[in-house]
Amino acid sequence: MSAEKTPCISAIDTTNFARQIVLDFEFAPVPKQRQRRGLCNEIIEAGAVKLDYHGNVMGEFSQFVQTEFTEGVAFPVRELTGISAVGTAMADPLYMVIKRLSDWIGRYSAQVVCWSGADRRQLLIECQAKHIDLSAFPTDWADLQAFYTSIMDMSSHGCVSLSDAATWFGIEFDESTGHAHSALADARVTAKLLKQMMDGDYRVSPRAQEVRQRWGMGERAQTRLSSKCSELGDLLLKLKAEGVGLLRTPFGLAWRGCKREPALLFESKRQPV
């Protein structure tokens with residue numbers, strides 16, 4: 001894969017992309033005796049949700065993946081994901097799934113949004129180990145976990161799980177999404193969090209206190225992100241009145257004026273692999 005085609009992490013940006021592809025992989029550990037070329041895990045399921053720049057769902061992608069080095073699906077992984085050995089054995093190998101996923105994304109400019117950088121790292125490592133071409137795959141990636149870890153004031157506690165962020169903001173894993181740790185269900189919930197961010201509307205759920213207690217945190221007074229900074233609240237109202245999407249403005253400047261943490265800025269921070 002050429003250097004110019006190497007995916008990189010950047011900020012969430014709906015100004016320059018026609019599509020946001022919310023992507024999630026489930027993967028299983030490769031037994032040590034079968035590990036090859038640094039590959040410790042293999043992708044066993046891919047799930048994605050395609051959003052337009054307003055955050056509206058345009059389509060979904062879901063497919064199991066046949067493994068090459070992992071024999072079957074270990075019991076802990078089956079319990080966590082609900083994926084059976086039969087499901088992966090009957091599936092197509094990764095190179096076919098990636099080709100199908102790339103075709104589904106299309107030739108429009110697109111940014112891949114994931115919850116944490118683990119999915120991106122796994123894809124790069126596995127495709128390199130299996131000599132899979134990623135030249136047709138989007139090269140801009142964004143980590144939504146970093147953003148939510150900051151606005152939840154959890155930075156000093158480590159990274160926030162998808163389920164905790166969903167609980168905090170009143171988004172449920174239910175019949176409409178599927179169970180947690182299913183690739184498509186996780187992508188659907190991540191897409192809802194992304195839409196929430198694009199709308200600039202972060203309503204904290206009463207259940208947020210459950211998460212705070214689990215993390216050993218105290219009471220939280222504010223219930224809206226805009227209460228953190230009066231300038232932000234005024235700007236959100238102005239943007240809504242003008243019918244402008246939150247991320248279709250030079251919003252990084254507004255955040256900088258609020259003196260928030262760097263992770264809250266929507267400026268590109270690209271890090272070559």
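I take contact to mean heavy atoms within 4.5 Å. The model I am reading is predicted, with local features needing pLDDT of at least 70 and side-chain atom pairs counting only at pLDDT 80 or more, while totals for chains, interfaces and linings use all residues. Residues are numbered from 1 along each chain as its sequence is written, and side-chain values use heavy atoms, with hydrogens and water left out.

I looked up L194 and found that, leaving aside residues up to four places away in sequence, L194 touches I12, Q20, V22, L51, V113 and L144.

I then turned to the nonpolar cores, each a set of buried Ala, Val, Leu, Ile, Met, Phe, Trp, Tyr and Cys residues joined through side-chain atoms within 4.5 Å; buried is under 20% relative accessible area, exposed over 50%, and partly exposed in between (1.4 Å probe, protein chains only). The largest core has 32 residues, and L194 is among those with the most contacts inside it, as are L144 and Y148. Two or more residues come from each of β3 (41-51), α5 (144-151), α6 (162-168), α7 (183-199) and α8 (208-214), where helices (H or I, at least four residues) and strands (E, at least two) are DSSP runs numbered from the N terminus. Helix α7 gives the largest share, 8 residues. I noted a second, separate core of 24 residues that includes L94, I98, C127 and L134.
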